[in-house]
Amino acid sequence: MRNVCMFVTLFWLSMSAAYAQVASLVAPNNNSFAGLEKNLLFHADKRFKVTLTGPVQVDVSRLFDGALDPFFGTAPSESNPMVVLVENLPLVHTQKKAYVGWTARYQGSSRFKIEGFETGANDWIILADVSNTSLNDYIAEARGTFSKLRYTFYNGIGAAGAIGLSELFFLHGEYVTAYDGLMVQYDRNNNVKMGSNALPTDLSVNGTITAKRVRVLQQGWADFVFEPDYKLPDLSEVESFIRQHGHLPEIPSAAVVQKEGVDLGDVSAKLLQKIEELTLYMIEQQKKMAVLSAENKEMKEKIEKLTR
């Protein structure tokens, strides 16, 4: 019986140790192959508002690209720290657990502070305030609804206080699906998002699309302009419309385009319609010019006969 109890005790202790090992939290860092899957701040400089102040000036995209590639710059100080402010974060409460932090390959920070602007308290909450360390990575729990995060680095651990950060992160498992903002994402309706939090569309891209060719399958086209029963707008009416509205009939105004964008297929069809209408106007003008030319020639011949 004693042996059985000892076995159970040892088994329980080993299972507890194994569980503790599995449940332990490892900060995402340059020595780890995992840990940033649900980082809300992937490409934060393109998705949110990011402001960098202080002596260390660097392309902030390097702090949010997931590459864990460090930069090195002028050493910050207590009087002139490096501050990274991230604003316009989605207002989703971290009810269970979320984590903020940073990592560096080396030359981390010996004095730093991480704050979150909690919307419920309408004030900045200190999430971490650390001094006298030699850390190359750091992670801290963050509970609340944060619209902003502020990372302040006062000193680095490199020579003369230099600092070499490689990534800032906000791990938010209750809002972020794996690798949001870092790579192509499919939602449950198979819609694709790239660096965008736009409302559901088949494809939402926050940036420029470069392609060799773009094919738009359009249901309607503008060849109806050439149908015999098509009534070509009177040019005087077109002129009156332009004077009143500042754009062509059936073409969206600059204000509408700026607010709503344009459908490439629809606007291409409308522009073609105007080109076809312009072609018909030119044909009509050509016919009138031909008649006038013939009349002018006939008039010259009559005058020449009378003057002989």
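**Aromatic pairs and charges over rings**

Me: How many aromatic pairs does a search of the whole structure find?
Reply: The model is a predicted one. A search that covers the whole structure gives a count of aromatic pairs, and that count is 7.

Me: Are the planes of Trp102 and Phe153 stacked or edge-to-face?
Reply: The ring centres of Trp102 and Phe153 lie 5.8 Å apart, with an angle of 85° between the planes. Planes over 60 degrees apart count as edge-to-face, so the pair formed by Trp102 and Phe153 is edge-to-face.

Me: Which strands does this pair link, and how many residues apart are Trp102 and Phe153?
Reply: Trp102 and Phe153 are both buried. Trp102 belongs to strand E3 (residues 99-104) and Phe153 to strand E7 (residues 146-156), so that distant parts of the chain are linked by a pair of residues whose separation is 51 residues.

Me: What is the angle between the planes of Phe112 and Tyr138?
Reply: Phe112, in strand E4 (residues 109-118), and Tyr138, in strand E6 (residues 137-141), are 26 residues apart in the chain, and both are buried. Their ring centres are 4.9 Å apart, and the pair is edge-to-face because the angle between its planes is 65°.

Me: Which residues do ring pairs link into a cluster?
Reply: Trp102 is buried, as is Phe153, and Phe112 and Tyr138 are buried too. The cluster linked by ring pairs consists of Trp102, Phe112, Tyr138 and Phe153.

Me: Over which ring does the charged end of Arg111 sit?
Reply: The charged end of Lys148 sits over the ring of Phe117, at 5.0 Å from the centre of that ring. For Arg111, the charged end is 4.3 Å from the centre of the ring over which it sits, that of Tyr154.

Key. Residues are numbered from 1 along each chain as its sequence is written. This is a predicted model: local features need pLDDT of at least 70, side-chain atom pairs count only at pLDDT 80 or more; totals for chains, interfaces and linings use all residues. Side-chain values use heavy atoms; hydrogens and water are left out. Rings of Phe, Tyr and Trp (its six-membered ring) pair if their centres lie within 6.5 Å; planes under 30 degrees apart count as stacked, over 60 as edge-to-face and the rest as tilted. Helices (H or I, at least four residues) and strands (E, at least two) are DSSP runs, numbered from the N terminus. Buried means under 20% relative accessible area, exposed over 50%, partly exposed in between (1.4 Å probe, protein chains only). A charge sits over a ring if NZ of Lys or CZ of Arg is within 6 Å of the ring centre and within 35 degrees of the ring normal.
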